[in-house]
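Below is a short briefing on one protein model.

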Amino acid sequence: MQIIPAIDLKDNKCVRLSRGEDDTSIVFNKDPQKQAAYFEEKGCKKLHIVDLDAAFGKPELNLLSIKKIRETVSIPIQLGGGIRNKSDVKRYFDLGIDNLIVGSMSVNQPEELIQLTNLYNNRIYVSLDIKNNNIMIKGWREKSKLTLTEILNLYKDTQVKGYIITDINNDGMLEGLNINFIKETISQIINTNKSNKNIIIAGGLTNYEDLHKLKNLGINNIEGIISGKSFYVGNIDLEKAQKILN
C-alpha cells in the first residue's frame, strides 16, 4: 500500500479545498513543479494530480503546469478532473500521464469510456466520488443518474485499472477516515467485481492513526491512500507514513 501525495491545481498553484467547494481554496505552494519534485525526492512512488479548474469548466488553464510536472518527475502520475471525452483522454496520455481518473464520463458516456479502457488497457480508474450515499459528478456539484451498484456493474468486466473512492463529506476536513464507509464501499466493489481491481482511498486522512486503521483492515485490493491536506498542514510526514503502510 502506498502513500500517494496530492497536487490539486487551481490557477497553476497547489491548493486544497474543503469538501471540494471552490470558494474554500487555500494556496499551499505557488510552484507545483517544485512540489512534485519534492514528493519524488521524499521517495513517493506515485503522484496524484487533480485539475480543479478543468473540473469546474476551464480545461486549458493548468495544462502547462501539468506538462512541466511530467517533465520534472519520473514517478508515475495519476490525474483527474474535467476528463469528459476521448480527446481529453488522448491529450493527457500524449502528455505522458500514466493513469487517468474519470468520473462524469464514466456515468454519462459509459460505452465510450469502456472503448477507451480497451484502447488504454489497465490505465484508467473510475472515480467513485460519494456524498450522502450519492455518486457526485461535474466537480462534485451534480448527483449522478446512476447508483454505485449500477456503476460497478457497468465496469466489472472491463479493462479499468480500478476505482478511486472519495468520501466527499470528509475531504479536506481533517476529521479522520470514515473506516466504516471505506469497508462498506470496498466490500461492495469486491462483491460486484469478483476480481482484484485496484482501489485507492481519498478523503479524510488526518494522522498516523488513520494509516494504522486502514492497514489493519487487511484488504489486499487497496493500492494506496491519497494524502492532501494532511501533508500540507504538517500532520503527515510522507516517509514515516510509508513505513507504517509497509
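Which exposed residues does the face of α3 turned away from its buried side carry? They are Leu 64 and Glu 71. The model is a predicted one, and the points below are grouped by topic.

**Helix α3**
- Helix α3 spans residues 63–72, and its buried residues are Leu 63, Ser 65, Ile 66, Ile 69 and Arg 70.
- These residues lie on the same side of α3 because they cover an arc of only 165 degrees around the axis.
- Among the elements that cover the buried residues of α3 are the strands β1 (2–10), β4 (47–51) and β5 (77–80).
- The helices α1 (32–41) and α4 (86–94) are also included in that cover.

**Lys 215**
- Helix α9 (residues 208–216) contains Lys 215.
- Lys 215 has 36% relative accessibility, so it counts as partly exposed.
- Between Lys 215 and Met 1 there are 8.2 Å in space, C-alpha to C-alpha, although the two are 214 residues apart in sequence.
- With neighbours within four places in sequence left aside, Lys 215 is in contact with Met 1, Ile 244, Leu 245 and Asn 246.

**Largest pocket**
- The largest pocket holds about 180 Å³ of space.
- Its lining includes Ile 130, Asn 133, Thr 147, Leu 148 and Phe 181.
- At least two lining residues come from each of β8 (134–137) and α8 (179–193).
- Helix α8 gives the largest share of the lining, four residues.
- By type, the lining of the largest pocket has four nonpolar residues, five polar and one charged.

Notes:
Residues are numbered from 1 along each chain as its sequence is written. This is a predicted model: local features need pLDDT of at least 70, side-chain atom pairs count only at pLDDT 80 or more; totals for chains, interfaces and linings use all residues. Side-chain values use heavy atoms; hydrogens and water are left out. Buried means under 20% relative accessible area, exposed over 50%, partly exposed in between (1.4 Å probe, protein chains only). The arc is that of the directions from the helix axis to the C-beta atoms. Contact means heavy atoms within 4.5 Å. On a 1 Å grid over the protein atoms alone, a cavity is a set of points where a 1.4 Å probe fits but cannot get out, and a pocket is an open set with protein on both sides within 12 Å along at least five of seven lines; lining residues have an atom within 4 Å of a point. Grid points are joined across faces, edges and corners, and a volume is the space filled by probe spheres set on the points. Ala, Val, Leu, Ile, Met, Phe, Trp, Tyr, Cys and Pro count as nonpolar, Asp, Glu, Lys and Arg as charged, and the others, Gly among them, as polar.
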